[in-house]
Each structure stands twice: as structure tokens, then as C-alpha cells.
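This report describes selected local features of one protein model. Please consult the sequence and structure shown below while reading.

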Amino acid sequence: MAAVAASRSLRLELACFAALAGFAGLEWVSLVADPPVLRIAVTVAIATAAGVALVALGRARLGRGGRMALGVAAVLAATVAAMVAIGLPARLLLAWNWDELSTALGQSLQGISDISVPYGGADGWTRLTILLGAPLGIGLAAAAAFWPGQRRNARWLAALVVLLALYLSANAWSRPGGDFGRGLLLCVLVCAWLWLPKLAPSRRGGAVLAIATAAAVALPLAAALAPDKALLDYRSWRLLSQEGVNFGWAHSYGPLDWPQKGTRVLTVASEEPHYWKATTLDEFDGFGWRRSDALQPEPVLGTPAALQNTATPGDAIAHPEWIDRLNFDVRGLSSDVVVGAGTVLSVRNVDASPSPDATWVTDETLESGDEYTVLAYLPDPSETQLRASSPDYPEEASRYTALTIPGVDRVGTASAEVPLWGKQRQGESPSELFRGTPYEQTYDLATRVTSGAATPHDAVTRIESYLRGTYTYDQNPPEHGDPLPAFLFEDRRGYCQQFSGAMALMLRMIGIPARVASGFAPGGRDPDRGTFLVEDVDAHAWVEVYFTGIGWVPFEPTPAAAPAESQLSDTATTDPASDTEVTTIDAAPTQSSDSGGGGDGGGRTQALAPGSADGGGSGPGGTEIIAAVALAAALAVSGLYAIRTLRRRRLGPESLAAAELGELERALARLDRPLPAGATLLDAGRRLEGLAGPAGARYAASLRERRYRRPSAPPPGVGERRTVRRALLAARGWRGAAATLRAIPPGGPRRLR
């Protein structure tokens, strides 16, 4: 009876562990979009099987060293199988691939605490890195709960701490508000794990009543505590994101090959969505757009001194009603420039100085935790106001129609000074400036598209509409020596760098002041806090066009097929916490390094890009899950076989013979041929012969010989037991295989107690 009670207690303990581990694991994988429920179920099953193996080790008669070695092997094998089940490619677990694995995981961990959850970004490694927390946590909990030893209470408590850490970390990351229903279920599971296996059946009803009473008292108390104010500000912890993401804003036009992780870089408090500008690319150098080394005063402000006139900014601005105050909270960003919006007039709370083009440079790098306020001029003109804007541009605007292009037949370079819209140029016509250069076709296209436009606004919208409606959004265009002409006339596909660069180039060719702006799209709106949540995937480039009496106005030539949150008109109600659409990046982020400033579109090498599979999980599909389960099962069987083999070898002849006699009696009962009371060993041999044929008769005869005639003879060995088992398997077929293996398991019999 004691053995039966112990067996039932173990089954109850395993069930409680599986329930609590499954609950914590499901909470953890909910940190990714389309959480892989099937995979986490397999992970829990593997961890529970490892617990069974550890319990068996504890009952085996092994030395301390052997038990320790086999226990570590069982835990490692289960953890490996669970990691493969959750999505990790098995090849990376081989020793010669560890460098690749560690590099990918290490780079994915940088800034991971700043991503928006549930994570639905395009970087498969970031998703997989998050998911791997589940098998590691559950595997550690299983090892703590079932490790062979006498201190069961301490082990149960250690396992509980691990699983609670897994659950609470995920809950705090994704749902910092109150969630009483889930908390109540967690309370029930915790109580079941701690006490249910220890209680006698007669006392379990009272325990359930006590738990229900405690929950009834706790729920109103929990509701009374204001969940809006956290006792601990966990969001400020920087355990995994000591380094921020920085950006190189100059255009490169090559295929995008950097990670798209969804790291939160900024939170902006603003009533309206805007493009959050980091820098202006005001010079075309014959290849692409970059920031000029010799900046001139902004035409919208007249002189740089006006930038510092924070007391009366309206004196320098045509429309003071378009001045707005914005609050920026830096999250996973590392930047030497102040990210603002429109034309920045002043910056407070950080040490920064203005440049003549109204962008601001910081004296110290902005990093996570920094907060600052920007006063910005953000024109919001109507179409009527834009059409009515005078083409009589100020003199400062003329530099925004200048271009540097390869010379005729690509000999040297030449500076093309295109006259402003509506003004005639003495000497050669604008068409002659580009004749014989790689940009001759581009000029012809610009003039053809804008032919008949009555105002600069008409010309701008024609080019914008032409690019959006004619070309395809694609992150992997080929590289070219002349990337913008190749985009317009060969590839006809690209991302925001190609679209914005081509539009600004075409506008300058027809005399309209234009430049490229780089920074971030508005991001997703957080309706609860009235802020915009900006991620690295929102990095973007757009076009700014100058209108007299209004200032710089943004235009978006990149088509709507680009990321949803990269479109200014699509951000009024978007919440990235609930938007599972995969977004893409439109600038060049690189992980910060000792060199500080922005990179040139580098970023980490994709060691692997796990694909999607069943249940929304990343990594391998159903076949690989089956393989992982099969691997775990094989490891479990191998472990049990090793345990039984070691145990059999430690038995002396007398003990082994007694164990085999006891095993024969149990085997007949498990094979539905139990021995009646008072049956002899001869009766047992006849029944075994009826089940296994001559092999069964020989095995029983060997046991009788050893017991009654030749006590010094060796008992039946491994080969004889294997022969009987094979005969039983052949006679009973696959339906009776499980019962046969339980009756006469590989390795050796269980010692009689």
C-alpha cells in the first residue's frame, strides 16, 4: 500500500508541475505574436519526462558520482531537446557551430528589453531568442524540483521560484496592469504544487476551501491597490540593453541586410503624428544624398540666430500658430543628434547646439533614459495655401536646387546650378546641364511628368504620385554605380532611400527647392497615454519641399506597400502593442560600438533566419517537432536502460536471481496471465511458455534449475531475457509492445525491496 501511495503521489506531483510549468511557459511565449502553443506543450512534456528520469535515478542503487553524472546528462539532454522543440535548429548545437549560435544570440539580446511585445517583427532571431527563455526556465525548474536528494521541500520551493520568475517577468514585460483572473489561476496552481502531493485525500477538500477563502479576501485587496503606479519601475532596468541602436543616415542604396528587431527607440508625447527628424541630407554628390559639410542658414528662419530666439520664436516665423512643443523619451536609441520634428527652434533638458539647417547636435550622446523637450515649427498648410504659395523664393533657397553630377561622358564632376522655378537662366538651358551625363534621362522624366504644372505644388504632387504609383517597394534592389537612375529606369523597385532620393533629385532638376530628411516615421499611437511609440523599424527617409511663406513641408513618395507605420497618414490610431503586421526598416541602423557615430547600413550578420511554422512559431515545422520529441524519448529510454544496466551489474547472483523471480510474477500479471495463489514456479513456466513459446519455457527452466538443483549456477543473463522479450513482441504484435516492455524491460529487473 505504501508503494501504491508513493506512486500516486509522484503522479500528482508530476501533474502539478506540468500544469504550473505550462501556465508559466504560455505566459512567456505570449511575448511573441502568434505564440507557439504546441511547441510549449512539447517543451513541458520533455521537462516532465526529465523529471521522471531524475526520480528514477533517485531510486536507483548508484553511487553519488554516478547519480550526479547521469542526472546532469538527463537535464542537459532534456534542455537540448526542448530548445530544438521550441525552434532552435539542431545543427547549431554541434560544437563547431557554437560560435555562430553565440554570436546570433548575443546580438539579439542587445536591446531586447526595449522591443514592443508581443513581438511581431521580421527578425527571426529576436523572436527565437525570446522563445528560448521558456525551455531554459522550465528545464531549470524541472531539475530543481526532481533532482535526487532528501531535501524535497527546498527543491519544490526552488522550482517554484524559477517558474514564478518566468511568469512574472513575462507578465511585467507585456501586461503591467492588473490581471486578476490570471493571478487567481496562478495562486491555485502554486498552492497545488506546494501542498497537493503531500496531503492525504481526506484533507484535500479542506485545502481547496482554504485556497478559495484566501482568494476571496485577496481579490478585493488587490483591486484596491492602484495598478497605474508601480511599486518598482522595472522598465528602467538595463540588464540586457546597455548599448543602444544608432543610425547612419546617409544614403547607401544597397539591399537592406540589418536586423529588424522592433526595438523601442523613442516615446514621443505629441497631439499629432509627425515625422521625427534626425538630420537633413541637403547635398547630392553625384551618387547619393548626404549632409553638407558647409551648411548655410535656413531660408525659413533667415539667420541661425533666430534658432536661439526661444522667447519670441514667432518673430522669425511666418505662422507662429504652427509652433508646437514635443516631449521625447529616449529608449533604445544612442544618438549624437537630437531627434526632433520639422524645424527645431529650441531644445531643453539636454546640452545641444543648433546647426544652420535647424538640426541640433548634442554635446553628450543621448541614451536610454534621457528626456528632452523640443520647440518646433511644424507647417500644416492646406492644399489651397500650398498652391497659392509664391514662387518668388528667398535667396537662401537657391542652394536647394544645386547638384553635383558626373561630367559629360563621366569625365570629372560638374556643379549644376538649376535656376529656381519660374526663373530663366542666362546661357545654357537646364537640359544642357545634364546632356551626356548619367542623369540625362532623369531630367527628361522630371520635365515630362511635370509638363503643364501651373504651380510648384502641382509639380511636386505629380512627381510624388508618379513615384508612388509606378514603382515597387522592395528591400533588396541590386547595387549600381548610379543607383538613382538605375532605380528609375532599370530595376524600378527600391525602398524609401530610392524613392525619396529620386524625388528630391527630380525636383531640384526643375528648380524646386527640395532635400531629403532622415529620421523616423511617427510610429504607433498609444491611445492610453497619448504618445507615439517609435521603434527601429520606423526608421525612414522622406522629402521636404520649401514653399515661400510656409517653410519646409514633408512629402511621402514611398508607396503604401511600405511599412504601415512609415506612412504619416496611417498612424493616427495604430498601436504597435496590438498590431501584428510585420514592419520593415527604411534607414541604416547599426549596433552602437566603440566608434560611436552612425554606421553605413551595416548591422549584424544574419547567422540564421528561422522561418515561421505551425502555431506561429519560429524555426522548424512539424517534422522537426516530431524529431525533437523522438530525440527526447530516445534519450529518456537510453537513460532508463543505463540505470537498469548499472543497477543489474551491482546485484550479486542471489539478489539477481531473486529479482528475476519477482519480475516473472509481475510480468505474467502485466501480460494478463496472473498466477493464482499457491502457484509454483513450474506453473509460471507453463504460462510463460504459452505466451512466448519455447524461449519462455527455456527461461523458466533456467530459473528452476538455479533455484532447486544448482544454486551455484548463474541466473539467466541479458541475452536470455532479450530472447524472451523478442519472442513476446513477435507473438503479441505492436499493440502489446508497451505491456511487453513493461513486463521485461531492457537492462535488467528491478531489485526486490
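## Basis of the report

The model is predicted, so local features need pLDDT of at least 70 and side-chain atom pairs count only at pLDDT 80 or more, while totals for chains, interfaces and linings use all residues. Residues are numbered from 1 along each chain as its sequence is written, and side-chain values use heavy atoms, with hydrogens and water left out.

Helices (H or I, at least four residues) and strands (E, at least two) are DSSP runs, numbered from the N terminus.

## Salt bridges

Side chains of opposite charge can pair when their charged atoms come close. Nine salt bridges are present in the structure; the term denotes a side-chain nitrogen of Lys or Arg within 4 Å of a carboxyl oxygen of Asp or Glu. One of them joins Glu544 to Lys277, with 3.2 Å between the closest N and O atoms. This pair links distant parts of the chain, since Glu544 belongs to strand β20 (residues 539-547) and Lys277 to strand β3 (residues 276-281), 267 residues apart. Glu544 counts as buried at 4% relative accessibility, and Lys277 counts as buried at 6%. Here buried means under 20% relative accessible area, exposed over 50%, and partly exposed in between (1.4 Å probe, protein chains only). A network of salt bridges links Lys277, Arg515 and Glu544.

Asp282 and Arg399 also form a salt bridge through their side chains, at 3.2 Å from N to O. Asp282 lies in the loop between β3 and β4 (283-284), and Arg399 in the loop between α10 (383-388) and β13 (402-406), so this pair ties together parts that are 117 residues apart in sequence. Asp282 has 5% relative accessibility and therefore counts as buried. In the salt bridge between Asp285 and Arg290, the N to O distance is 3.7 Å. Asp285 is partly exposed, with a relative accessible area of 31%, and Arg290 is partly exposed at 26%.

## Surroundings of Thr359

Thr359 is located in the loop between β10 (352-354) and β11 (360-366). With a relative accessible area of 6%, Thr359 is buried. Leaving aside neighbours within four places in sequence, Thr359 is in contact with Ala278, Thr279, Thr280, Arg291, Ser353 and Pro354, where contact means heavy atoms within 4.5 Å.

The side chains of Thr359 and Arg291 make a polar contact at 2.8 Å. A polar contact is a pair of N or O atoms within 3.5 Å; within protein, one must be able to donate a hydrogen and the other to accept it, and residues adjacent in sequence count only if both atoms are side-chain atoms.

Helix α17 (residues 653-670) comprises 18 residues and spans 25 Å from its first C-alpha to its last, close to the expected 26 Å. The expected span is 1.5 Å times one less than the number of residues in the helix. Buried residues in α17 include Leu656, Ala657, Glu660, Glu663 and Leu668.

Asp672 follows α17 and lies in the loop between α17 and α18 (681-692). Its phi is near 65 degrees, a positive value in a residue other than glycine. Asp672 is exposed, with a relative accessible area of 60%.

## Tyr253

Tyr253, a residue other than glycine, likewise has a positive phi, near 70 degrees. Tyr253 is placed in the loop between β1 (245-248) and β2 (264-269). The relative accessible area of Tyr253 is 3%, and the residue is buried.
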